[in-house]
There are 4 protein chains.
Amino acid sequence: VAGGEPAIEGTDFGRILAFTDGVFAIAITLLVLGFDVPTKEADVTHEVLNQWPQLLAYFLSFAVIGRLWLVHHRFFAALHRFDAQLLRLNLAYLSVVVLVPYTTNLIGEHGGDPVAAITYAAVLAVAASLNWVIIHYTLRREHVRPAARAAVEQYGSWQGLIIPVVFVLSIPVAVFRPNIAEVLWILLGLQAVVRQRVK
Amino acid sequence: VAGGEPAIEGTDFGRILAFTDGVFAIAITLLVLGFDVPTKEADVTHEVLNQWPQLLAYFLSFAVIGRLWLVHHRFFAALHRFDAQLLRLNLAYLSVVVLVPYTTNLIGEHGGDPVAAITYAAVLAVAASLNWVIIHYTLRREHVRPAARAAVEQYGSWQGLIIPVVFVLSIPVAVFRPNIAEVLWILLGLQAVVRQRVK
Amino acid sequence: VAGGEPAIEGTDFGRILAFTDGVFAIAITLLVLGFDVPTKEADVTHEVLNQWPQLLAYFLSFAVIGRLWLVHHRFFAALHRFDAQLLRLNLAYLSVVVLVPYTTNLIGEHGGDPVAAITYAAVLAVAASLNWVIIHYTLRREHVRPAARAAVEQYGSWQGLIIPVVFVLSIPVAVFRPNIAEVLWILLGLQAVVRQRVK
Amino acid sequence: VAGGEPAIEGTDFGRILAFTDGVFAIAITLLVLGFDVPTKEADVTHEVLNQWPQLLAYFLSFAVIGRLWLVHHRFFAALHRFDAQLLRLNLAYLSVVVLVPYTTNLIGEHGGDPVAAITYAAVLAVAASLNWVIIHYTLRREHVRPAARAAVEQYGSWQGLIIPVVFVLSIPVAVFRPNIAEVLWILLGLQAVVRQRVK
C-alpha cells in the first residue's frame with residue numbers, strides 16, 4: 001500500500017459509508033428471520049410462548065448490532081481520509097458482523113448448548129478486535145481529523161480492548177455454563193445501552 | 001446523558017435517517033417471504049388460493065409499516081437536533097418494527113388462533129407507544145424546530161395515544177374473537193390510509 | 001386531500017426516493033432466494049440442471065423489476081412536487097412490486113400450472129396499471145415539471161395502457177397454455193430491454 | 001440507442017449508484033442465510049463444526065462480492081456520463097452478481113461435487129466478463145472522464161481479461177477436481193485482497 005493515499009472525496013467516502021450502513025441495516029433486519037412460524041395448527045400458543053429464548057436473543061443482538069453501528073458511525077465521522085487497507089479492514093469487519101444473525105439463531109434455538117454460546121462469543125470477540133485494529137490503524141496512519149484525535153485515541157488505547165477481552169473471557173464460561181455467559185452479555189448489553197454517548 | 005447535546009450535523013443525521021429508512025425498507029420487503037411456494041405438484045391451485053389470509057395479512061402489514069415509516073419520516077424532518085437518548089429510543093422502536101414481518105406470518109398462517117392476533121396487537125401497541133415516547137421526549141428536550149412545534153405537539157399530546165390504546169384494547173378482543181380483531185385492524189388501516197396527510 | 005400541497009423539499013423527496021429505491025433493490029435481490037440448494041448428496045448435478053426454469057424465471061423477473069425501477073426513476077425525476085395521495089399510490093404500487101419474488105418462485109417451481117402463470121400475469125398487470133394511475137394522477141395535479149410534461153404525457157395517455165393490457169390479455173392464454181404465456185413475457189422482456197431509453 | 005446520450009445529472013446518477021450499492025449490500029449480507037441452524041437438539045456441536053466448508057465459502061464469497069463492489073465503485077467514479085445501454089449492461093451485471101449467494105450455498109453444501117464448483121466458476125466468469133464489456137463499452141463511447149482514461153484503459157485492455165479467463169480455465173479443473181478449483185479461488189482471493197488498490 002505504498003504510494004499516495006487519496007484524501008476523502010465526497011462521493012467516494014459517501015458510497016463506502018452508504019454500503020456499510022446498508023450491510024448493517026440488512027443484518028439487523030435479518031434477525032427477524034430467526035423466528036419460525038409454527039407449522040402445526042395444534043399447539044400454536046405453546047410454540048409461540050416457547051420462543052422467548054429467540055426473543056431474548058433477538059433483542060440482545062439488535063442491541064449489539066445497533067451499538068456496533070453507532071460506534072462505526074461515530075468513528076468514521078472522525079476520519080478525514082482513507083486508504084485501500086482501511087477498506088479491506090472495513091470489509092473484513094463487516095464479514096464478521098454479518099455472521100451475527102446466524103449466531104443469534106444458534107443461541108436462540110440451542111442456548112443451553114456450549115457450542116452456541118462459544119460461537120456467539122467468538123464472533124463478537126473477533127468483531128470487537130477488528131474494530132480495535134481499525135481504530136489503531138487509522139490513528140497510526142493519521143487518517144483521523146486532528147480535532148477528533150483525542151476522542152478516538154481513547155478507543156484505540158488498551159482501554160478499547162476491554163470489550164473484546166470480555167468476550168474472549170466469556171468463552172470459558174460458555175464452555176461450562178452457556179446460560180450464565182448469555183445472562184452476562186444481556187447485562188453487559190443493558191449497561192452499554194444505558195451508558196452510551198453520541199459523539 | 002448529562003453534558004452537551006450536539007446539534008444536528010448534516011452527514012451525521014443523514015446517516016441515521018438512511019439507516020432507519022433502510023431498516024423500514026427491508027422490513028416491508030421481507031413481508032413477501034410470508035408466502036410459501038407449494039412444494040407438491042398436485043394441488044398448486046388449491047394451495048395458492050388458500051393463501052388469501054396471507055395476502056390480507058401482507059397488505060395490512062404493508063400499510064402498517066408504510067404508515068409507520070411515513071410518520072417517522074415526517075416527524076424526523078421536524079427535528080433540528082438529536083442526542084444519544086433519541087438514538088437509543090429510535091433503535092428500540094426499530095427493534096419492534098422489525099418484528100412485524102414475523103407477526104404478519106403468524107396471523108397469515110394462524111389467523112384464527114388468539115395467540116397470533118394477540119402477538120400482532122401487542123407488537124403494534126408497543127411500536128405505537130414507543131413512537132409516542134419518542135415524540136414526547138423530543139418535545140421535552142426541545143429538539144423540535146420551533147416552527148414545527150405546534151404540529152408535533154398534536155401527536156405528542158394524549159390524542160397521540162389513541163392509536164396505541166386502540167391496539168391495547170384490541171388485545172382482549174383478540175383473546176376471544178381473533179378474526180374480529182383482524183377485521184378491525186384492516187378497517188382501521190383503510191381509514192388511516194384514506195385520511196393520511198403529508199407534512 | 002384538500003388544502004395546500006407542499007412543494008418538494010430536498011431531503012423529504014430524497015428520503016421517499018431512497019426508500020423506494022431500497023424496496024426495489026431488496027425485491028430484485030430476494031429473487032435469488034428462489035433457488036433451492038439440493039439437500040440430498042446423491043443427484044446434485046441432476047437437481048441443479050433441473051433448475052433451468054427457476055433460472056429463466058429469475059432473469060425474466062430481474063429484467064421486469066429492473067425495468068419497473070428504471071421507469072419509476074425516470075418518471076420521478078420529472079416531478080417538481082408531490083402530495084399525500086402520491087405517497088399512498090407509490091406505497092400501493094410498491095406493495096405489488098414486492099410480490100414479484102413470490103410469483104417468480106411460483107412460475108419457477110410450477111411453470112406448467114395455470115395458477116402460477118395467472119398469478120404472475122395478474123401481479124404485473126396490477127403493477128403496470130398502478131403505474132399508469134400514478135402518471136395520470138401527477139399529470140392531472142400538475143406535479144410534473146412543465147419541461148418534462150410532453151415526455152410524461154406519452155406514458156400517461158392510452159398508449160401507456162398497452163403494457164397492462166398485454167398482461168391482462170395474457171391471463172386467458174395462461175389459463176390454457178401457461179408455458180406459451182411465459183414464452184410471450186420473455187419475448188416481451190427481451191424486446192423491452194432492447195428498446196429501452198434513458199430520459 | 002441512436003440519439004442524444006444525456007450527460008450525468010447529479011440525482012440521476014446518484015440514484016443509479018445507490019440502487020447498485022443497495023443490491024451489492026443485500027447480496028453480500030444474504031450470504032449469511034447459507035448457514036443452517038441445526039434442528040436436532042442432539043449433536044449441535046457436531047453439526048456446527050461440520051459447517052466449516054460453509055464458513056470458507058462464506059468468506060470466499062464475501063471477499064469476491066466485496067471486491068466486485070470495490071471495482072464497480074472505483075470504475076463508476078471515473079465516468080462523467082452514462083446512457084441507456086450502460087444501464088442495461090449494469091443491470092445484466094447485477095443479475096449475475098446476485099446469483100453469488102446461491103452458488104456460494106452450493107459449494108458450501110456440495111463442495112466435493114463438480115456441478116457446484118462448475119456453477120460457481122461459471123457465474124464468476126460471466127460476471128467478470130460483463131465487467132470487462134462494461135469498461136470496454138464506456139471507453140468506446142467516451143463516457144470516461146479524460147483524466148481517468150489511462151487508469152480505466154488498463155482494465156479495459158486484454159489484461160483486464162485475465163480474471164474472467166482464470167475462472168473459465170478453472171472450469172475444467174472443477175470438472176475433475178472440484179476441491180482443487182476451490183482452493184485455487186481462495187488463494188486467488190487472498191492474493192487479490194492483499195494487492196488491491198483504491199483509485
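Start at the meeting of chain A and chain D: across this interface, four residue pairs are in polar contact, both residues at pLDDT 80 or more. (A polar contact is a pair of N or O atoms within 3.5 Å; within protein, one must be able to donate a hydrogen and the other to accept it, and residues adjacent in sequence count only if both atoms are side-chain atoms.)

Before you click on: this is a predicted model, where local features need pLDDT of at least 70, side-chain atom pairs count only at pLDDT 80 or more, and totals for chains, interfaces and linings use all residues. Residues are numbered from 1 along each chain as its sequence is written, chains are lettered from A in the order in which they are written, and side-chain values use heavy atoms, with hydrogens and water left out.

**Stop 1: the A–D interface**

Select chains A and D together. You'll find 31 residues of chain A in contact (heavy atoms within 4.5 Å) with 39 residues of chain D. Together the two chains bury about 3100 Å², and 71% of that is on carbon and sulfur atoms. Buried area here is the accessible area (1.4 Å probe) lost on putting two parts together, summed over both. Now pick A:R15, A:F19 and A:Y102: they supply 25% of the area chain A buries against chain D, more than any other three residues.

**Stop 2: one salt bridge across it**

Zoom in on A:R15 again. Its side chain meets that of D:D21 in a salt bridge, 2.3 Å from N to O. The term covers a side-chain nitrogen of Lys or Arg within 4 Å of a carboxyl oxygen of Asp or Glu. Between chain A and chain D the count is one.

The largest share, nine residues, comes from α1(A).

**Stop 3: chains C and D**

Move to D:R15 and C:D21, another salt bridge at 2.3 Å, N to O. D:R15 sits in helix α1 of chain D and C:D21 in helix α1 of chain C, so this pair joins two chains. Both residues are buried, meaning under 20% relative accessible area, where exposed is over 50% and partly exposed is in between (1.4 Å probe, protein chains only).

**Stop 4: inside one helix**

Finish in chain B with B:R149 and B:E153, whose side chains form a salt bridge of 3.2 Å, N to O. They are four residues apart in helix α7, about one helical turn. B:R149 is partly exposed at 26%, as is B:E153 at 37%.
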